[in-house]
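Q: I'm new to this structure and would like to learn how to read it, feature by feature. Please walk me through it.

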Amino acid sequence: MSTQADTFQHDFIRAIYDHEDESATLAQLTQQPGFKVYRNTVIKASIDALAANFPSIVQLVGTDWFHSAALIHVRAEPPESVCLIEYGRRFVDFLRDFPPAAELTYLADIAHLDRCWTECHIAADERALEPAQLAALAPDLLLQSVLRIRAGVRWHWCATQPAYTIWDANRRQDELTQELNWQGEGALLSRIDGAVVWQPASLGMCVFLDVCAQDADLQTATGKALEAESTLDVAALLGTLLAAQVFAA
Amino acid sequence: MKAILGAGLGLKPQHFDQALQCSAVGMWFEVHPENYLMAGGPRLAWLDAVRNRHPLSLHGVSLSLAGAEPPDRQHLQRLAALIARIEPALVSEHLAWSTLNGRYFPDLLPVPRTNAVLARVAANIAQTQDVLKRPIAIENPSHYLRMDNHGWSETDFLGELVSRTGCALLVDINNVYVSAHNLGYDACAYLDQLPAQAIAEIHLAGHSIDEDDDAHLLIDSHDAPVIEPVWQLYRHLLKRIGERPTLIERDDRIPDFSELLQERNQAQEILMAQGVMP
């Protein structure tokens, strides 16, 4: 059932987002100079939230370009959550399909890694699996173990571009000092003692984690990882993942 | 013994260490709960640490109590969990709306004060207080628009919400000053019409002049020190109602902690001059 207040709110929001809308019921409000205060605040706060959540994209494309792109996205997809740190779930796909970004083919992957950072940052607190707990298992039991990945861990494989190197430099607000090697790269992010830390991830590591995340045992995960990366050193991989506190206790 | 809340400050991440160490008498801090509704992580750990040293207030900006929809149940549950975790001294929200059909429009949007809206806001406040198991204080927003269809003055509307729901009031004196300028009413008379007993908290902030000269609008921008006329209104209100927990808000162009502390100390001195504060 539509109420008067409902209609008022719908008209108000339509007028906020559409300057051309001359809805008769709201004309008395939209024609006042004060209306733009609300319009500006809603749009600016949404764009500011996207900028805060995607600092590597801002660093990479500059404030003006980011602002123009974000404005289009903000108008199409207002925040769903009142917790603005969660805003931008669809911004990654938006950038992937955004015609002016067609030449920046890595942009969506960079945005995805910013999103991964936020998800690690706000994830539930969980104790990490100690290496000794794993070492205590007999080899056959170890292979049958299902290791659960901690909430504050994300990984991403970008098959065709050096997304990790580009993201890492921009996230640290640093210049890209090294020559880019134009091949696939992956990233592993993990929140350790309250801080999100990251390191490069190989295809084998990413496949291993994908399979672990589906509640498969270590034997299965290892097998799939080796299929993807035949030279993978599985013992070294486990050591790296344990040190990065990837698994939950 | 319950801590006596004097003058407090909005908690900013960049001031975390100084806030933690601050030992000013009567000090407390306020945050927007929306920044702390996550499952875990360092932000919540910071908040826990500050809470171990100081009383905290949760000042919501997005429950959309003046909206046509009831408060979002998941949002209320998350807020209740945060309240259980940090046991805030005060919990407040706004007489405004900001959500519609699952979307969040990050501002405090206005609504005509009609009987129908009054009933809806009262129901939304009651539902919120039921879930949170405590009364909340409702803040008067800043206004930029004249609306022909108000059936109630804002002070009567707020007073009626107090009667119907048992909620408290948060009086933002800068908002009164800004709105009185923008809509052309007497800020002093507005403050005099508010029910004294219901006022649980006071906000003080700075504002700015709209860039559009022709608009003659003041903007509640929280990006400047409190101006003298707002301090005068503050003294005027305290003279009638007695001392109340008072917050200095600064959300943009944030200066050093020491500068904010100085402004906060000015409010604390005014509170102490009322004779009851320690």
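A: Let's begin with one residue: Arg90(A) is partly exposed, with a relative accessible area of 34%. As for the labels, buried means under 20% relative accessible area, exposed means over 50%, and partly exposed is in between (1.4 Å probe, protein chains only). Keep in mind that this is a predicted model, where local features need pLDDT of at least 70 and side-chain atom pairs count only at pLDDT 80 or more, while totals for chains, interfaces and linings use all residues. Residues are numbered from 1 along each chain as its sequence is written, chains are lettered from A and ligands numbered from 1 in the order in which they are written, and side-chain values use heavy atoms, leaving out hydrogens and water.

Q: Which side chain does Arg90(A) meet in a salt bridge?

A: The general idea is that side chains of opposite charge can pair when their charged atoms come close. A salt bridge here is a side-chain nitrogen of Lys or Arg within 4 Å of a carboxyl oxygen of Asp or Glu. Arg90(A) meets Glu77(A), at 2.9 Å from N to O. Both residues lie in the loop between helix H5 (63-76) and helix H6 (91-96) of chain A, so the pair ties together parts that are 13 residues apart in sequence. By the way, helices (H or I, at least four residues) and strands (E, at least two) are DSSP runs, numbered from the N terminus. Glu77(A) and Arg90(A) also belong to a network of salt bridges that links them with Glu80(A), Arg89(A) and Arg103(B).

Q: How many salt bridges does the structure hold over all chains?

A: There are 23. Some sit inside a helix: Arg96(A) and Asp93(A) meet at 2.8 Å, N to O, and both lie in H6 of chain A, three residues apart, about one turn of the helix. Asp93(A) is partly exposed, at 42% relative accessible area. Glu160(B) is partly exposed at 23%, and Arg164(B) is partly exposed at 44%.

Q: In what order do the strands of chain B close into a barrel?

A: Strands of a sheet pair through backbone hydrogen bonds, either parallel or antiparallel. We say two strands pair if DSSP finds at least two bridges between them. In chain B, eight strands close up in the order E1-E2-E3-E4-E7-E8-E9-E12, with parallel pairing. From one strand to the next, the twist averages 30°. For a close look, strand E9 (residues 199-205) and strand E12 (residues 246-249) of chain B pair over four bridges, and His203(B) has Leu247(B) as its bridge partner in E12(B). E1(B) and E12(B) pair over three bridges, with Ala7(B) partnered by Thr246(B). E1(B) also pairs with E2(B), over two bridges, and Gly10(B) stands opposite Glu30(B) in E2(B).

Q: Is helix H6 (residues 173-183) of chain B largely enclosed or open?

A: Nine of its 11 residues are buried, so H6(B) is largely enclosed by the rest of the structure. Among those buried residues are Ile173(B), Val176(B), Ala180(B) and Leu183(B). They pack against strand E7 (137-139), E8, helix H7 (187-192), E9, strand E11 (218-219) and H8 of chain B. After the helix comes Gly184(B), whose phi is positive, near 80°.

Q: How many residues of chain A are in contact with chain B?

A: Contact means heavy atoms within 4.5 Å. By that rule, 40 residues of chain A are in contact with 41 residues of chain B. Buried area is the accessible area (1.4 Å probe) that two parts lose on being put together, summed over both. The two chains bury about 3,400 Å² between them, 65% of it on carbon and sulfur atoms. Gln9(A), Tyr38(A) and Val82(A) supply 21% of the area that chain A buries against chain B, more than any other three residues. The count between the chains is four salt bridges. Asp212(B) and Lys36(A) also meet in a salt bridge, at 3.9 Å from N to O.

Key:
Axes are lines fitted to C-alpha atoms, for helices over the stretch in contact, and angles run from 0 to 180 degrees between N-to-C directions.
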